[in-house]
Amino acid sequence: MSSAGKAARAIVWLAVFVGVTIAMVVIRDRLDRVHVTLAYLLLVQLASARAGRALGVTLAIMSFLAFNFFFLRPYGTLAVASPLDWLVLVAFLITSVVSAQLLYRARALGAERERLSAASDRAQTLEQSIRMKDETLAMVSHDLRTPLTTIKGLAHEIAANGDERADVIEEEADRLNAFVGKLLDLSRVTMGTGALDIQPNEAEDLLGAAAQQAQAFSGGHELGFQVEPSDSMLFGRFDFVQTLRVLVNLIENAAKYSPAGAPIDVGARRVGQELRFWVADRGPGIADAERERIFEPFYRRRVGDADMAGAGLGLSIAKGIAEAQGGQLTCAPRDGGGSVFTLSVPAIDLPRDDASADDSGAS
Ligand code: ADP
């Protein structure tokens, strides 16, 4: 409330106080001390409940003085004749101040409860709408799959009869199908419905599988794979298939967004309780302002060849998979230019004996 509003309210309550006091002075002879006490208490409590603690306490003190001045003999002075009257006065003061405080607190608690309940309503609505969006996404992408398969099948048949335009239809159907597949993956990741098969796995196995898949699209790039330090085995706890997808996606991006011939380095190392896979490129790098945003669904940087950019879903799916298995996916600038994407998963400590026995066998 504005300070002008507060002052107006205080004046109204003071006027009520003066009115009540005058009315009681007029009929003073017919009143008992109890009546006066109750009337003033009621006034103090109402004022505290409606106008706040400060006014309540002020009225309590004013009532205390007025009670003494007008209603305790000798009238018209602040002197008190009987010790019992002192008791009444002190009891009145304590009761009225305490009740002013209590009422104020009750009011504050009520307001806080209202605020909390409104906030929780909003959070619930938000959660519901996110869930609905995810469910719609899952449903729509699922339903798109069937007609797409039909379109692709028919286009394939027509292409066989020599119509080249049918090839284009088939290609576009494939693209759309891949997009729908990504949407489904995204909805599985965000709804947490994609079951992960988390097992102890070796870093080198994952790098080997990724190297094999990367050959298919590494055209022109020099791919280097390394494990650090090369003589120890690195194990982590992760879903092999999904993590491989993430790593391959990172290599694919590195190849897609860096100039032909630029080297791409991929490796793994243990840092504390994490097993970290990294993909480093000599591409254009990513500006500070975009480093978080590239992990958002549908976010694409508007640079370079427009054909190159995909749907902007790869990194958000990758991050979702990383986090679902207790890891993370981050991006940082690379010394000397380019970017480093780091995928971390929980590391596993191997019993020392096994590790050294295997080491000697491997070297
Ligand atoms: P897209 O399907 O567009 O590749 P992603 O989610 O994989 O979607 O990536 C989002 C955006 O992040 C891309 O559009 C691209 O601009 C940027 N990006 C991803 N990887 C790299 C990289 N290695 N170097 C530079 N920019 C990158």
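This report describes the domains, ligand site, aromatic cluster and selected residues of a predicted model.

Residues are numbered from 1 along each chain as its sequence is written, and side-chain values use heavy atoms, with hydrogens and water left out. In this predicted model, local features need pLDDT of at least 70 and side-chain atom pairs count only at pLDDT 80 or more, while totals for chains, interfaces and linings use all residues.

## Domains and distances

The protein chain is assigned domain 1 (3-116), domain 2 (138-191) and domain 3 (198-348). These bounds come from an automatic or database domain assignment. Between the C-alpha centres of domain 1 and domain 2 the distance is 79 Å.

Two residue pairs give further distances. Ser63 and Glu157 are 94 residues apart along the chain, and their C-alpha atoms are separated by 98 Å. Gly208 and Phe69 are 139 residues apart in sequence, with 96 Å from C-alpha to C-alpha.

Ser63 belongs to helix 3. Helices (H or I, at least four residues) and strands (E, at least two) are DSSP runs, numbered from the N terminus. Ser63 is buried, at 0% relative accessible area. Buried means under 20% relative accessible area, exposed over 50%, and partly exposed in between (1.4 Å probe, protein chains only). Gly208 sits in helix 6 (residues 203-214). Its relative accessible area is 41%, so Gly208 is partly exposed.

## The ligand site

The ligand is surrounded by 18 residues, and the closest are Asn253, Tyr257, Asp281, Arg301 and Leu315. A residue is near a molecule or strand if one of its heavy atoms lies within 4 Å of it. By class, the shell holds nine nonpolar, five polar and four charged residues. Here Ala, Val, Leu, Ile, Met, Phe, Trp, Tyr, Cys and Pro count as nonpolar, Asp, Glu, Lys and Arg as charged, and the others, Gly among them, as polar.

Helix 7 (240-257), helix 8 (314-324) and strand 7 (339-348) each give the shell at least two residues. Helix 7 supplies the largest share, four residues.

## Aromatic pairs

The structure holds eight aromatic pairs. Rings of Phe, Tyr and Trp (its six-membered ring) pair if their centres lie within 6.5 Å; planes under 30 degrees apart count as stacked, over 60 as edge-to-face and the rest as tilted. Tyr40 and Phe71 form an edge-to-face pair, 6.3 Å centre to centre, with 70° between the planes. Tyr40 lies in helix 2 (residues 33-51) and Phe71 in helix 3 (residues 53-71), so the pair ties together parts that are 31 residues apart in sequence.

Tyr40 is buried, at 0% relative accessibility. Phe71 is buried too, with a relative accessible area of 7%. Both belong to one aromatic cluster, formed by Phe17, Tyr40, Phe67, Phe69, Phe70, Phe71 and Phe92.

## Polar contacts within the protein

A polar contact is a pair of N or O atoms within 3.5 Å; within protein, one must be able to donate a hydrogen and the other to accept it, and residues adjacent in sequence count only if both atoms are side-chain atoms.

Arg334 sits in the loop between strand 6 (328-333) and strand 7. Its relative accessibility is 17%, so Arg334 counts as buried. The side chains of Arg334 and Asp265 make a polar contact of 2.8 Å.

Thr125 lies in helix 4 (residues 83-160). Thr125 is partly exposed, at 49% relative accessible area. Its side chain reaches the backbone oxygen of Asp121 at 2.7 Å.

## Backbone exceptions

Most residues other than glycine have a negative phi, and most peptide bonds are trans. Two sites depart from this.

The peptide bond from Arg73 to Pro74 is cis, with omega near -10°. Pro74 lies in the loop between helix 3 and helix 4.

Phe298 has a positive phi, near 70°, and is not a glycine. Phe298 is placed in the loop between strand 5 (274-281) and helix 8. With a relative accessible area of 44%, Phe298 is partly exposed.
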